[in-house]
Amino acid sequence: MTTPAAEGESSLAGPLPGVPQGAPGSATGTALGGTAAGATSGAGAVPGPRLPAPAQRTADTGQGSASRPPVAGSGLGSSPVRADALAKAMGIFPYAADLWAEGLLWGAIARAPYAHARILSVDIGPALAIPGVHAVVTAADLRPGPAGVPDGAPSGPIVQDRPVFATDVVRHHGEPVAAVAADHPDTARLAAAAIVVTYEPLEPLTDPEAAFAAPPIHPDGNLFRHQPVRFGDPEVVGAVVVEGLYQVGRQDPAPIGAEAGLAVPRPDGGVELHVASTDPHGDRDRAAQCLGLEPDRIRLVVSGVPGATSDREDVGFQVALGLLAIRTGHPVKMALTREESFLTHAHRHPALLRYRHHADIEGRLVKVEAQLLLDGGAYAEVSSEALAAAAAMAAGPYAVPHVFVDAWAVRTNNPPAGRMRGEGSLQTCFAYESQLDQLAAALDLDPLEIRRRNAMSTGGLLPTGQAVTCPAPVRELLDAVAAEPLPPLPVDQPDDEWLLPGGPGGAGDPAAVRRGIGYAVGMVHMLGAEGTDEVSTASVRVTGSQASVMCTAVDTGTGFATLARQIVQDVLGVSDVYIAPVDTDQPSAGPSARGRQTWVSGGAVERAALMVRHQLLQPLAVQFGMSPELLTISDGKITSYDGVLGMPVLQALEDKDLWATAQCRPHPTEPLNPETGQGDAFVGLAFCAMRAVVDVDVELGTVRVVELTVAQDVGRALNPEQIAARIEAGVTQGVGLALMEELVSEGGRIVNPSFTRYRLPTSLDVPDIRIAALLEERDVVAPFGAKAVGAAPAAVAPAAVAAAVRAATGRPVNRLPIQPEDIAV
Amino acid sequence: MTDFLASSAITTTTTAHGLPGFGADESPRATYTLRVNGVDRPVTDAWIGESLLYVLRERLGLAGAKGGCDQGECGACSVQVDGQLTAACLVPAALAADSEIRTVEGLAADGTASDVQRALAEHGAVQCGYCVPGLAMAVHDLLERNHQPTDLESREALCGNLCRCTGYRGALAAVQAVAEARAEEAEEEPAAEAPAPAQAPVQAHAPASVELPQQQHAQQPQHTQQRQAQPQYAYQSTTGAYPDAPQQDYQAADPGLYVLPHQQTPAPEAGA
């Protein structure tokens with residue numbers, strides 16, 4: 001956007017040399033003046049947007065029609081307001097930090113200030129001497145190791161290498177060393193600070209590239225996993241070759257509610273943990289292992305979850321909390337400070353990606369070569385899964401006949417990296433989309449066109465040899481975002497309504513602002529890969545007029561409870577549905593991660609509800625004299641196929657108590673071959689295309705994302721409003737990584753573990769998010785045909801923003817987050 | 001801090017964070033009364049360094065204001081002190097003794113959610129919900145000062161509330177919806193003041209009288225009654241009106257007041 005050069009005085013009002021402003025064929029040019037950006041190649045029909053009106057934006061004002069609340073309703077496909085929304089708005093919904101118990105003590109954790117150090121001695125005497133301190137625990141209080149020597153009880157989701165307390169070696173900044181319980185939280189913190197720990201600082205290993213040759217910082221070595229992918233002919237060379245080196249910084253999940261919990265000791269020597277866990281059974285089993293107890297002596301009750309974009313609650317927090325409760329015999333409450341939360345929970349893997357794309361002169365991809373390096377941090381966590389995703393999707397949602405990838409995940413003394421929405425897929429999406437932009441520039445092709453020419457479609461092959469049997473409407477998604485009208489330039493808006501890059505009231509000069517448009521398309525996998533058994537169990541019970549669902553799928557705010565309610569409403573016609581709270585006394589539904597809950601837990605709820613429905617309809621069918629399949633339930637009535645006989649559902653349910661339990665699991669997958677990377681490793685894939693419109697102040701290097709248009713294949717829109725909400729969440733998180741979020745470490749120590757310098761997007765930073773289309777091509781293997789929606793937008797948004805900044809400035813954007821000095825012209 | 005690049009250096013640190021410890025006995029204490037949501041709430045023998053956020057949550061049982069950063073950056077702890085939107089985590093509670101404090105629990109009139117809270121719930125601003133009490137306070141504060149905020153003004157007013165689960169679209173939509181609704185009501189009753197539950201006399205919030213628009217039942221189904229002794233959850237409704245929240249019994253020491261039982265008993269004995 002440039003102000004009209006009224007007096008022609010400022011040369012900045014005109015296009016800068018070398019910056020492709022509105023050049024014919026460029027994305028900017030097409031948007032600003034040329035043919036409508038919606039000139040598609042007519043590839044395939046694009047279904048219209050599926051959301052109710054309030055979720056869409058009107059093009060002329062750029063503001064949503066915000067007055068009307070969303071269409072409520074019941075059953076799948078409607079958008080009922082979540083049941084706990086009002087309680088949350090009133091502040092009476094209990095999160096883990098809100099819990100309280102009689103005789104409560106407060107816990108605090110003593111943490112290491114070094115990224116790599118040997119622990120020579122730990123003296124807890126000074127802490128115990130402080131009045132008000134009830135207990136101090138260290139690794140010696142956990143279950144002993146195999147040799148009888150305390151080893152900190154290492155555990156982990158895949159590899160058991162992360163101790164609760166460091167015993168002899170500290171491997172990352174902030175690693176727990178001991179924990180304290182006292183009668184006041186500040187006493188506990190002071191006592192934790194009073195513990196005398198003698199360290200011998202060691203040279204920290206912070207450069208992932210150096211991890212291969214460096215001495216091992218853990219007995220298991222520095223290499224978590226190497227995953228090659230060999231697909232096609234290695235000797236092939238393309239007519240055009242484009243190379244790039246890309247870097248993705250360390251993003252923190254930064255939920256607004258940090259880790260907190262309450263542990264209550266049980267009379268049988270066990271403990272009840274009230275925490276906001278996303279994997280209650282897994283956490284319970286790990287806690288049992290670390291404490292040396294039988295799993296059934298530990299009960300994990302899931303309290304309100306204050307946001308989860310990654311695995312919550314590292315073992316060093318939950319187990320320490322449980323241990324303090326057992327030792328003191330009192331309930332113990334602990335809430336981590338924001339700094340501690342930044343240091344210890346799982347982050348996104350920082351990545352170095354080196355790519356080489358080969359194409360013919362028409363822009364069709366011939367070969368993709370890639371070397372991917374993920375910095376896994378101090379402990380294994382789920383690095384191996386993230387690596388598998390990165391390696392398998394290294395070429396992106398494109399049809400590429402030859403793909404050669406080497407991917408490594410290495411151990412360093414940096415903070416632990418783990419699962420965070422879009423793990424592995426986000427890093428490669430940024431790299432391969434940047435490569436395509438570079439290729440388009442080299443061939444003088446429209447970036448949209450080069451993506452269309454190479455788009456993968458259903459039935460194509462992943463570089464891992466797996467046939468893409470789920471819907472893969474990549475070209476249709478690109479067409480959908482391209483067809484949306486562009487946001488207007490703010491020239492007609494009053495000056496004081498302009499939201500300039502860098503914020504209102506900043507130093508920005510409107511004349512220095514350039515607008516750029518970029519496209520990106522990406523993919524993520526859903527559910528566990530490589531042979532993970534993804535089972536979920538749910539029970540549905542109907543008594544009288546009310547149904548209950550018992551399923552331990554944790555609703556992290558993403559709406560599983562609402563979905564379960566919709567399913568039961570649809571299947572049984574009962575509108576009053578109670579979702580039981582989650583705890584480990586019930587069978588496992590698995591972790592709330594990888595987009596599983598819609599699939600397996602929703603599937604289990606549906607199956608159980610169908611079983612109850614059969615129990616309900618069977619006697620009625622006998623009474624009506626027909627087979628139960630000929631009865632339908634809709635609008636609260638059971639009717640026969642010919643509409644002649646019927647009965648209200650509630651009447652049929654009088655005095656009945658019906659109950660069923662069901663499981664759901666997807667089809668099995670297999671691990672990737674360790675030498676060739678071939679294997680049917682994924683249950684399903686989800687795709688997302690985005691168009692980002694950014695304003696860049698080319699003098700200051702500041703960026704504002706004006707609008708982000710999203711098209712996603714959702715299989716089936718089970719709750720359109722909630723899908724829109726998840727897309728917004730993913731987009732906002734992606735914008736954060738693209739522009740402002742990075743956890744910076746110097747010598748392994750995090751230097752910005754606070755919201756002052758780790759900047760989250762605020763209401764001034766977020767773009768208008770327009771949903772162009774939610775393509776509903778049902779995935780036939782998925783329950784309801786629905787795909788999970790949360791991860792794909794998060795994985796693709798940073799690439800879209802980077803592409804748009806590239807278009808606006810003409811500078812290569814090789815690094816996330818984008819630094820002002822990289823793009824200021 | 002030793003230069004740890006000299007890898008053979010051995011260092012002894014007195015503490016993990018460089019602070020000397022001192023006994024809790026010697027810490028200075030204060031007794032004061034806070035006027036919260038129109039009700040006088042006494043606080044006895046509390047360490048003077050406790051923040052208003054801590055006192056509200058842990059001593060007075062008003063857990064609506066949430067802690068997200070303890071630095072005043074995230075806005076989850078927003079309350080109004082003498083009408084000014086403030087980060088409660090940055091206010092020493094003892095110094096707020098002469099002020100009128102309003103929390104998210106005080107936004108509701110007679111136990112019903114305010115129009116802002118209902119609008120936030122209906123427009124999709126609530127996902128995990130942790131930031132929403134702070135947002136509710138910020139939106140109330142904005143609409144008290146500015147009856148017809150523009151989009152930019154709304155964004156500026158809400159930029160102090162961080163949300164990780166949404167893109168703030170629901171909150172911005174709620175601002176517009178409430179502003180329009182209030183303007184319509186003001187037109188209908190030009191003589192009266194623009195109705196704002198914010199200005200209605202506030203009382204201590206009693207959960208038992210809260211209504212939800214879609215509730216059909218008031219009782220937890222019998223087959224899900226819980227099993228073992230549970231801790232007292234002081235902050236939770238007992239009516240079963242919120243099916244997604246744990247159903248626990250709450251015993252009020254005094255109906256209408258949230259005095260935690262443990263304030264009446266001596267502190268647990270300290271010992272090793």
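Thr138(A) is buried, with a relative accessible area of 15%. The cut-off for calling a residue buried is under 20%. Keep in mind throughout that this is a predicted model. Thr138(A) sits in the loop between strand 3 and strand 4 of chain A. Which residues does Thr138(A) contact, once neighbours within four places in sequence are left aside? They are Val122(A), Ile124(A), Phe165(A), Val177(A), Ala178(A) and Leu323(A).

Now to the salt bridges. Side chains of opposite charge can pair when their charged atoms come close. How many salt bridges does a search of the whole structure find? Over all chains the search gives 57. I will go through a few of them.

Start with Glu381(A) and Arg162(A), whose side chains meet in a salt bridge at 2.7 Å, N to O. This pair links distant parts of the chain, 219 residues apart. Glu381(A) is in the loop between strand 14 (365–375) and helix 8 (383–392) of chain A. Arg162(A) is in the loop between strand 3 (133–137) and strand 4 (169–170) of chain A. Are these two side chains buried or exposed? Glu381(A) counts as buried because its relative accessibility is 14%. Arg162(A) counts as buried too, at 5% relative accessibility.

The next pair is Arg515(A) with Asp695(A), where the closest N and O atoms of the salt bridge are 2.8 Å apart. Here the link runs between strands: Arg515(A) belongs to strand 16 (residues 513–526) of chain A, and Asp695(A) to strand 24 (residues 684–697) of chain A. The two are 180 residues apart, and both are buried.

Chain A also has a network of salt bridges. Its members are Glu385(A), Arg419(A), Glu423(A), Glu534(A), Arg594(A) and Arg596(A). Let me stay with Arg594(A) for a moment. Its place is the loop between strand 19 (576–579) and helix 13 (596–624) of chain A. Arg594(A) is buried, at a relative accessible area of 13%.

Pro817(A) lies in the loop between strand 29 (815–816) and helix 17 (820–823) of chain A.

Over to chain B. Arg182(B) and Asp115(B) form a salt bridge, and the closest N and O atoms are 2.8 Å apart. Arg182(B) lies in helix 5 (residues 169–188) of chain B and Asp115(B) in helix 2 (residues 115–122) of chain B, so the pair ties together parts 67 residues apart in sequence. Both residues are buried.

That brings us to helix 2 of chain B itself. Why do I describe helix 2 of chain B as largely enclosed by the rest of the structure? Because six of its eight residues are buried. The buried ones are Asp115(B), Val116(B), Gln117(B), Ala119(B), Leu120(B) and Ala121(B). What do they pack against? Within chain B, they pack against helix 3 (132–145) and helix 5; from chain A, helix 2 (85–89) takes part. After helix 2 of chain B comes Gly124(B), with a positive phi near 80°.

Last, the domains of chain B. There are two: domain 1 (29–106) and domain 2 (107–191). Their C-alpha centres lie 22 Å apart. The contact takes 17 residues from domain 1 of chain B and 15 residues from domain 2 of chain B. The size of an interface is often given as the accessible area lost when the parts come together. For these two domains of chain B the buried area is about 1300 Å², with 53% of it on carbon and sulfur atoms.

What about specific pairs? Between domain 1 and domain 2 of chain B the count is one salt bridge. The side chains of Arg102(B) and Glu144(B) meet in a salt bridge at 3.4 Å, N to O. Across the interface of the two domains of chain B, eight residue pairs are in polar contact. On the side of domain 1 of chain B that touches domain 2, the largest share, three residues, comes from strand 4 (residues 78–81) of chain B. By class, that side of domain 1 of chain B has five nonpolar, eight polar and four charged residues.

Asp82(B) is not a glycine, yet its phi is positive, about 55°.

Conventions: Residues numbered from 1 in each chain as written. Chains lettered and ligands numbered in written order. Predicted model: local features only at pLDDT ≥ 70, side-chain atom pairs only at ≥ 80, totals over all residues. Heavy atoms only, no water. Domains from an automatic or database assignment. Contact = heavy atoms within 4.5 Å. Buried area = accessible area lost by both parts, 1.4 Å probe. Salt bridge = Lys/Arg side-chain N within 4 Å of Asp/Glu carboxyl O. Polar contact = N/O pair within 3.5 Å; in protein donor to acceptor, adjacent residues only side chain to side chain. Helix = DSSP H or I, 4+ residues; strand = E, 2+ residues; numbered from the N terminus. Nonpolar A, V, L, I, M, F, W, Y, C, P; charged D, E, K, R; others polar. Buried < 20%, exposed > 50% of the residue type's maximum accessible area, 1.4 Å probe, protein only.
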